[in-house]
Amino acid sequence: MADLRDIGLAAGVNILSALIFLIAFAILRLQPFNDRVYFPKWYLKGLRTSPTQSGAFANKFVNLDWRSYIRFLTWVPEALKMPEQELIDHAGLDSAVYLRIYLLGLKIFVPVTLLAWAILVPVNWTNNTLAQAADKLEFSDIDKLSISNIPHESQRFWTHVVMAYAFAVWTCYTLKKEYETVATMRLHFLASEKRRPDQFTVLVRNVPPDTDESVSECVEHFFLVNHPDHYLTHQVVINANKLAKLVKEKKSKQNWLDYYQIKYSRNPLQKPTRKTGFLGLCGDKVDAIDYQTAEIDRLSKEIDEERERVKTDPKCIMPAAFVSFKTRWAAAVCAQTQQSRNPTLWLTEWASEPRDIYWDNLAIPYVSLTVRRLIVAVAFFFLTFFFVIPVTAVQSLANIESIEKKAPFLRPIVEVPFIKSLIQGVLPGIALKIFLIVLPTILMIMSKFEGYLSKSSLERRSALRYYLFNFINVFLVSVIAGSALEQLKNFSKLAAKKIPETIGAAIPMKATFFITYVMIDGWAGVAGEILRLKPLIFFHLKNFFLVKTEKDREAAMDAGSIGFNTGEPQIQLYFLLGLVYAVVTPIFLPFILVFFALAFVVYRHQIINVYNQEYESAAAFWPAVHGRIMFALIFSQIVLIGLMSTKCAVTTAPFLIALPVMSYFFHLFCRGRFEPAFVNYPLQEAMMKDTLERAREPNLNLKGYLQNSYVHPVFKDEDEEDDDDHVNGKYDDNAVVATKRQSRRNTPAPSKMSDASSPSLPDVIPEN
């Protein structure tokens, strides 16, 4: 079991690692040849030019100005001085609100830490309960600062009860103010935001089949009949996944061809070769340039054939469409109402912005989504269950006695004081971090299989599962398995009625493991994020071997994004740990504070200078953030009730029962008061924005603006001029809704068709 010396060694190792990362970053960012690695966002915005293009030859690669090395920490105030509104304009609302999660952690835990250390630490320390039970329990000096050191039936538990209420009140107050602030920011952002296609567009799914009309004709007829004054245009959803794969493969072959051509230009005496087998490792050796050229020609023919098939094959047209309206108000009404008497048909929802759409999943039939999600739920259960094995093994690393028992030959090594402290203070956290490296990729694959249609919803779903996984495996299994393993030899010697008391005292002792985990993941890990070692290496490799043009160099910059699916669950784990141990083991709190403060500065710098967010959801993730923090708060209160029950605090523990109940009702209040702003778009706001836009731009050609917004990306490179006249044609006010149904049902309404049929897919997607 880790003691103060082990924690001190772990703190020293991680602080030293963090300082090395930060100093290396401060030096590397000053070098001109690294400028695109550490400031890619400014290059993508066109606001920064490469310092390697001017000046003396040496200055193009190395910064020779010694004064800049003295000011190497100027990146910290530079990251903090940008105002929040300017940050929103620069990086988007999602990025700005994401940073507020770290700020929220500081707002909650700074007062909680000060109060806990001023009151709870002295109350816990001035007892000798653990010292008297030394023959029954394994403990360290750190555990003397926890609630485990309070004797059974002690009146001192009243202090913990009062502090639990104080922490809960402060946490709820801070959460409410933050929820209110973010909701206001979202509404203001939507009101002041520039025109975007998704403001006028809804996604319609489960379009019923019609033997007389195509999907495109059926969609147009339905909306001209039911939204006659507001319907503008539509784009049917097509299954172009095979075509997209061919295009992607062709781009890969083109990159290899560029690489071999550059290689040949540098050494014309030797033509590059490669093998034709798997990954170029086996098969016949051929001329690499000729081989890649032939592959590109083959793929070009297949792409042309597949493009024509997609345009003409009805099986490629899915029963779904993006439908655009003349106003935001009309789109809001359609997206937030039921369209048919059958609630399973003509399902509407807000369309994501085009860059947020995950096009591969649009081809998944709606009827299969339930089955897919059931399969993923079962798979996630087994993934979580089987991961218990490595997590339990990690816990055994924190116990020197377990190592010596399983591997006696290591006894002389592990008994060395430095090695012993390193094993107990550093190794468990590193091992657990390694096991979790591949998890986000697995969870994202699961979310994609479920069929979510936007990148933002994929990340939110993956983040939820990552949080559940962390809660079960990283927290519960670490606490329960760790405590059980450490105390197993003592349980067999105790009477049955004494076992719950022993567990109650053992659970707080796992705080030492989580302290080491926070230092490794939250201190050194965050400092490593700003160094960007992997993007640094890959950029220079690409720049040396593949880059030919400025466009190639821009593509080589791996700006990345905030990574909500991995970053937010990590933050939520720290919220959970902080709230659980705030009353139980207050010594844990300063380590949490260091994480939130360091992460806030680092990620603010990254968002300003590095990350290029792929989409903008207007902080749609905040209800999930709030809900998970509330779950952590309620869980911490339930844990405290159970813990105090094992301490026979019969006079004080019952007073805690009302706390989780009140916290839950507070959560319901916040959800009812603020969550609708994140789910629905107020009609009042939509009408105000429409009215203002009509006054400013009375001659706006909205149809021309929206016509190709939701065309599949593989078709956007095609020449679209041939269909401009057809798509942008004016409405005839006296036209009727044409239909091919046998009933010949016609309804007076504006229509882009008169006696002609509705446009089919080839008319919407221009030919090459």
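This is a predicted model: local features need pLDDT of at least 70, side-chain atom pairs count only at pLDDT 80 or more; totals for chains, interfaces and linings use all residues.

Colleague: How do α26 and α28 cross, and at what angle?

Modeller: The axes of α26 (residues 564–584) and α28 (residues 622–646) come within 9 Å and cross at roughly 30°. Axes here are lines fitted to C-alpha atoms, for helices over the stretch in contact, with angles from 0 to 180 degrees between N-to-C directions. Helices are DSSP runs (H or I, at least four residues), strands likewise (E, at least two), numbered from the N terminus.

Colleague: So what do we call the arrangement of α26 and α28?

Modeller: The two helices α26 and α28 are therefore roughly parallel to each other. That label applies to angles under 35 degrees.

Colleague: Which residues of α26 and α28 make the contact?

Modeller: On α26, they include Phe564, Phe575, Leu579 and Val583. On α28, Ile629, Leu633, Phe635 and Leu640 are among them. Contact means heavy atoms within 4.5 Å.

Colleague: Is α28 largely enclosed or open?

Modeller: Largely enclosed by the rest of the structure, because 18 of the 25 residues of α28 are buried. Buried means under 20% relative accessible area (1.4 Å probe, protein chains only). α28 reaches 37 Å from its first C-alpha to its last, close to the 36 Å expected at 1.5 Å a residue. The expected span is 1.5 Å times one less than the number of residues.

Colleague: New topic. What follows α28?

Modeller: Cys648, with a positive phi near 60°. Ala618 also has phi near 60° and is not glycine. Ala618 sits in the loop between α27 (589–609) and α28, and is buried at 3% relative accessible area.

Colleague: And where is Trp346?

Modeller: In the loop between α13 (328–335) and β6 (347–350). Trp346 has a positive phi of about 50° and counts as buried at 6% relative accessibility.

Colleague: Last one. What does Thr174 touch?

Modeller: Leu104, Lys107 and Ile108, not counting residues up to four places away in sequence. Thr174 lies in α9 (residues 157–192) and is buried, with a relative accessible area of 6%.

How values were computed:
Residues are numbered from 1 along each chain as its sequence is written. Side-chain values use heavy atoms; hydrogens and water are left out. Angles under 35 degrees count as roughly parallel, over 145 as roughly antiparallel, 65 to 115 as roughly perpendicular and the rest as oblique. Buried means under 20% relative accessible area, exposed over 50%, partly exposed in between (1.4 Å probe, protein chains only).
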